[in-house]
Amino acid sequence: MSFSALVVRDTPERTSVESLELDDLPLHGNVLVEVDWSSINFKDALAVTGNGNIIRAELPFVPGIDLAGRIIESSDPAYSEGSAILSTGWGVGEVTWGGYSRYQRMSSDWLVPLPQGLSTRESMIVGTAGFTAMLSLQAIQEHGLPPESGPIVVTGATGGVGSFSVMLLAAAGYEVVAVTGKEEASSYLKGLGASEILPRSTFEDGARRPLDKGRWAGCVDSVGSSVLESVLSQTMTHGVVAACGLAGGHRLNTTVFPFILRGVRLIGIDSNTCPQPPRRRAWQGLRDLARSIDFDRIAHQISLEQVPEACGQLMNGGIQGRYLVDLRQSG
Ligand SMILES: NC(=O)c1ccc[n+]([C@@H]2O[C@H](COP(=O)([O-])OP(=O)(O)OC[C@H]3O[C@@H](n4cnc5c(N)ncnc54)[C@H](OP(=O)(O)O)[C@@H]3O)[C@@H](O)[C@H]2O)c1
């Protein structure tokens, strides 16, 4: 049986859609999955374009950190043939071959049974980005910040994590202030539930002073660097900042004052290694919100062939929402 996969090779073109056989898949894990949908995240764009050393395996390699589909073969009694599953993180698409392939072998330890009420397609509109946004929302809630605490600022707001954070926070009743570098994105962000839009440029110079006027009860930050420095200095007493990204850079230059004089909590979010109990709780939360939110309005559906171009666009900060990869015609 032959099928299509996007393969990274050490050639000038770097990627091509190739026809593979099941025997070409590395013998790995205890399940074989038929992949219906994948998605594009920041890490995928790094892997596909070759920016940064995100692939920690020999080439050739199949990227794609997210996938959803059905079990074809399994030696784990928890996953019978035909059961619908999703997978995000655990190094898939970085260390082991990932979701840009109609079939993939993997470990059942990494899978989440598809929550009832969520389709495989919806789960990949969510993907790592939406899952990370939900972990961030749950961190804000679990650290005792109810909606009446005040506005939550979301940075990198038009990106995958940012768009989902705006939608999920607004649906959970929070006042959301969206920070974006895209002037034209105002109506998109208001449509997702943001009550105010601020230009990224007002945060990019970093903190004006160690403790600035407190403006935010909390934050979901996917940008890092000077933008996060600025947010920390403007976070109100006992605020919660969920740090989940580095789209603007990985360095953080701050002081201890927000932490020791305002009790600000800086919470790290790592969706990749998130253990199964909070992982499944977050997916249940996403399933519950899917009843009131139309995830489709931020989705752009593309084919495997269109992945390299979309990844190039993402690297240039140019995509809005979530790119969903349809593998159903790929074998
Ligand atoms: N911790 C985790 O588990 C986890 C999971 C998923 C993603 N992440 C990280 O979160 C970040 C966002 O991921 P994503 O998938 O949402 O990527 P994305 O779709 O590319 O979104 C990133 C957004 O950040 C803003 N941005 C882009 N370049 C920037 C720059 N140079 N300076 C400041 N802002 C910039 C843009 O939004 P605006 O134009 O609206 O400002 C862009 O849309 C990445 O760093 C990714 O590695 C972490």
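**Reading the ligand shell, helices and domains**

Author: In this predicted model, the ligand is surrounded by 31 residues, with Gly156, Gly159, Thr180, Gly245 and Gly248 the closest. Residues are numbered from 1 along each chain as its sequence is written. Because the model is predicted, local features need pLDDT of at least 70 and side-chain atom pairs count only at pLDDT 80 or more, while totals for chains, interfaces and linings use all residues.

Reader: How do you know which domains the shell draws on?

Author: The domain assignment, automatic or from a database, gives domain 1 (2-114 + 296-326) and domain 2 (127-268). At least three shell residues come from each of domain 1 and domain 2. The centres of the two domains, taken over C-alpha atoms, are 29 Å apart. Their contact takes 12 residues from domain 1 and 11 residues from domain 2, where contact requires C-beta atoms, placed from the backbone, within 7 Å. The side of domain 1 that touches domain 2 has three nonpolar, seven polar and two charged residues.

Reader: Where is the kink in α2 centred, and how is a bend defined?

Author: The kink is centred on glycine 127 and is about 70 degrees. The bend is the angle between axes fitted to the seven residues ending at a residue and the seven starting there.

Reader: Why is α2 called largely enclosed?

Author: Because 18 of its 23 residues are buried, α2 is largely enclosed by the rest of the structure. Buried means 20 or more other C-beta atoms, placed from the backbone, within 10 Å of the residue's own; 12 or fewer is exposed, and in between is partly exposed.

Reader: What makes helix α5 largely enclosed?

Author: Seven of the nine residues of α5 (residues 225-233) are buried, so that helix is largely enclosed too. Its buried residues, including Val227 and Leu232, pack against β8 (152-154), β11 (216-221), β12 (235-243) and α6 (257-261).

Reader: Why is serine 225 called partly exposed?

Author: Serine 225 has 19 other C-beta atoms within 10 Å, so serine 225 is partly exposed. Serine 225 is in helix α5 and has a positive phi of about 50 degrees although it is not a glycine.

Reader: And what makes histidine 238 partly exposed?

Author: Histidine 238 has 15 C-beta neighbours inside 10 Å, so it counts as partly exposed. Histidine 238 lies in strand β12, and its phi is positive, near 60 degrees.

Notes: A residue is near a molecule or strand if its C-beta atom, placed from the backbone, lies within 6 Å of it. Helices (H or I, at least four residues) and strands (E, at least two) are DSSP runs, numbered from the N terminus. Two residues are in contact if their C-beta atoms, placed from the backbone, lie within 7 Å. Ala, Val, Leu, Ile, Met, Phe, Trp, Tyr, Cys and Pro count as nonpolar, Asp, Glu, Lys and Arg as charged, and the others, Gly among them, as polar.
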